[in-house]
Amino acid sequence: IGDTARRETGAVPDYKRNLSSSTTSGTKVDLVLESYYFTPNIVAIDVTVLNPLTTHYYKDASSDASLTFDLRDKQKTSRHDSDTAPTDRLFIPIVITTLGGIGPSKSLNFLNSLFASSLANELAAGGTGHDTRTRRSLFYQTLQAILAKSNARMMPKLAAPSPFLFATA
């Protein structure tokens, strides 16, 4: 996300400094982007992977997938966008499900907005927008590939029998 924001908007990604989202609780976000294309100029991003099939989310996920995004958004926002968070920046939680969904809608809109200036520049130069749309598709494919790799690493851990399942009273 940081590399794409740098390439598409000229944003300066920060993965190490200025990550604090609270001066009292010590919570941190994953990425801070600074760009004049954003309002406000600083955007704090926290990415989380959510399994909608867990007992905590499956009821909401079975009735409406957006409910799981909204629930996780509220959890992340209450943790990172508190009264003690820096006031000069926007907080964007990005939730990616293990099934491949991305949300909530404001997060998806933000990710799509990274390509807006490039698309406008390409169209203004007489292009069709194909190049920018291809880069956007590759960006989402990369997110999906990262998710697939993460799921593949997680599967052996889930497949291993738990010693607690065989404990006797």
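**Note on the sheet, its packing and the nonpolar cores**

1. D73 lies in helix α3, which spans residues 65-80; helices (H or I, at least four residues) and strands (E, at least two) are DSSP runs numbered from the N terminus. The model is predicted, so local features need pLDDT of at least 70 and side-chain atom pairs count only at pLDDT 80 or more, while totals for chains, interfaces and linings use all residues. Residues are numbered from 1 along each chain as its sequence is written, and side-chain values use heavy atoms, with hydrogens and water left out.

2. D73 is buried, its relative accessible area being 12%; buried means under 20% relative accessible area, exposed over 50% and partly exposed in between, with a 1.4 Å probe and protein chains only. Setting aside neighbours within four places in sequence, D73 is in contact with P93, P104 and K106, where contact means heavy atoms within 4.5 Å.

3. The sheet is open, has 5 strands in the order β1-β2-β3-β4-β5, and shows mixed pairing; two strands pair if DSSP finds at least two bridges between them. At the edges are β1 and β5 (102-103), each pairing on one side only. Helix α4 (residues 105-113) packs on the sheet, where it touches β2, β3, β4 (89-97) and β5, and its direction makes about 105° with that of β4. Axes here are lines fitted to C-alpha atoms, for helices over the stretch in contact, and angles run from 0 to 180 degrees between N-to-C directions.

4. Strands β1 (residues 12-14) and β2 (residues 31-34) are antiparallel and pair over 3 bridges. D14 has V32 as its bridge partner in β2, and P13 stands opposite L33 in that strand. On to β3 (residues 42-50), β2 is joined by 4 bridges, again antiparallel, with A44 in β3 as the bridge partner of V32.

5. The largest nonpolar core has 19 residues, and L33, I45, F110 and L111 have the most contacts inside it. A nonpolar core is a set of buried Ala, Val, Leu, Ile, Met, Phe, Trp, Tyr and Cys residues joined through side-chain atoms within 4.5 Å. At least two residues of this core come from each of β2, β3, β4, α4 and α6 (130-159); α6 gives the most, with 4 residues.

6. A second, separate core of 5 residues includes V29, V32, A44 and F91.

7. Not counting residues up to four places away in sequence, L33 touches a set of residues including P13, F38, I45 and F110.
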